[in-house]
Amino acid sequence: MTSTLLTLSAFPEPDVFYKDYWNKKPFVVRNGVPSSILNDLITADELAGLSLEDDIRSRIVQTAGWVCEYGPFKENKFSTLGERNWSLLVQDVEKNHPKTKTIIEFFNFSPCWLMDDVMVSYSTPGGGVGPHLDSYHVFLVQGAGKRRWKIGCDRLSNGKYINGIDLKVLAEDFSGNEIEMNFGDVLYVPPYFAHAGVTMEESLTYSIGFLGPSISELLTDYGHFIEEKNVLNKRYDGEDLNYASAGEEMSMEEVENFRGSLKDILDNKFFELWLRSYFKNDD
């Protein structure tokens, strides 16, 4: 069963947001972010300036053949691209343009401790990054210009991608709803809902992404924490070994001993201390 993209006049109350929308349904809020905030955010010229710097993650995507190039770029790069069918995308803008960071405060009803970054894209008419899936939650805030979006009706679990290009562009069309985004409109897209944006007028879009870590990332970082703090990092000494683990095979009892040792370090007070520091935003 497919659903209709909901268009709201205001953001849902926090309890309704988590109950009905977070991780469940996309929605659009008309005039969700006021001009008093949007007018202070990074401009297209400032965004292009950031993409020239060595320590900035940026890319240019051209829709013809889905060509993706990575920065830093030379200043004359933009004069070679023409007036249509390309986009510039810059990551971590909130860390490099202080006024852009203010947009995060507008989304305090969301789990800001999960926020990954504010990515900003400048796009010419016809520009976009193609139909795709994201593994994270995102609020797409429309700045200057207009974009038309198609949003999938449901999660897409087995997306097939175009081969031979440096982008994950879906190879097949998906069922969904289309909507035009204007200045101040906000689109929420949960993970794995297919979406595709096409620029109608020269456009700026501010993407506030919320990305959770993988289990392997958590385990690795916690391991570094207990090593650095010199806590809970006892070396295995085989204290409870018995004849059942002699030779090449480990006994099931010893497997459980290892499991218990790992459980002990997760049940310890240091786990909460580490976890809160892991998600703390120090920028």
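Predicted model: local features only at pLDDT ≥ 70, side-chain atom pairs only at ≥ 80, totals over all residues.
Me: Why is Asn230 called exposed?
Reply: Exposed means over 50% relative accessible area, buried under 20% and partly exposed in between (1.4 Å probe, protein chains only), and Asn230, at 66%, therefore counts as exposed. Asn230 belongs to the loop between helix H6 (215–229) and helix H7 (252–267), and its phi, near 55°, is positive although the residue is not glycine.

Me: What makes Leu232 partly exposed?
Reply: The relative accessible area of Leu232 is 30%, so Leu232 is partly exposed. Leu232 lies in the loop between H6 and H7, and its phi is near 60°, a positive value in a residue other than glycine.

Me: Why does Tyr236 count as partly exposed?
Reply: The relative accessibility of Tyr236 is 43%, and Tyr236 therefore counts as partly exposed; Tyr236, too, is placed in the loop between H6 and H7.

Me: What is the volume of the largest pocket, and which residues are closest to its centre?
Reply: The largest pocket has a volume of about 760 Å³ (the space filled by probe spheres set on grid points joined across faces, edges and corners). Its lining has 35 residues, with Arg59, Val129, His132, Asp134 and Tyr136 the closest to the centre. On a 1 Å grid over the protein atoms alone, a pocket is an open set of points where a 1.4 Å probe fits, with protein on both sides within 12 Å along at least five of seven lines, and lining residues have an atom within 4 Å of a point.

Me: Which element gives the largest share of the lining of the second largest pocket?
Reply: That share, 8 residues, comes from H7. The second largest pocket has a volume of about 640 Å³ and is lined by 21 residues, of which Lys234, Phe258, Ser261, Leu262 and Ile265 lie nearest its centre.

Note on methods:
Residues numbered from 1 in each chain as written. Heavy atoms only, no water. Helix = DSSP H or I, 4+ residues; strand = E, 2+ residues; numbered from the N terminus.
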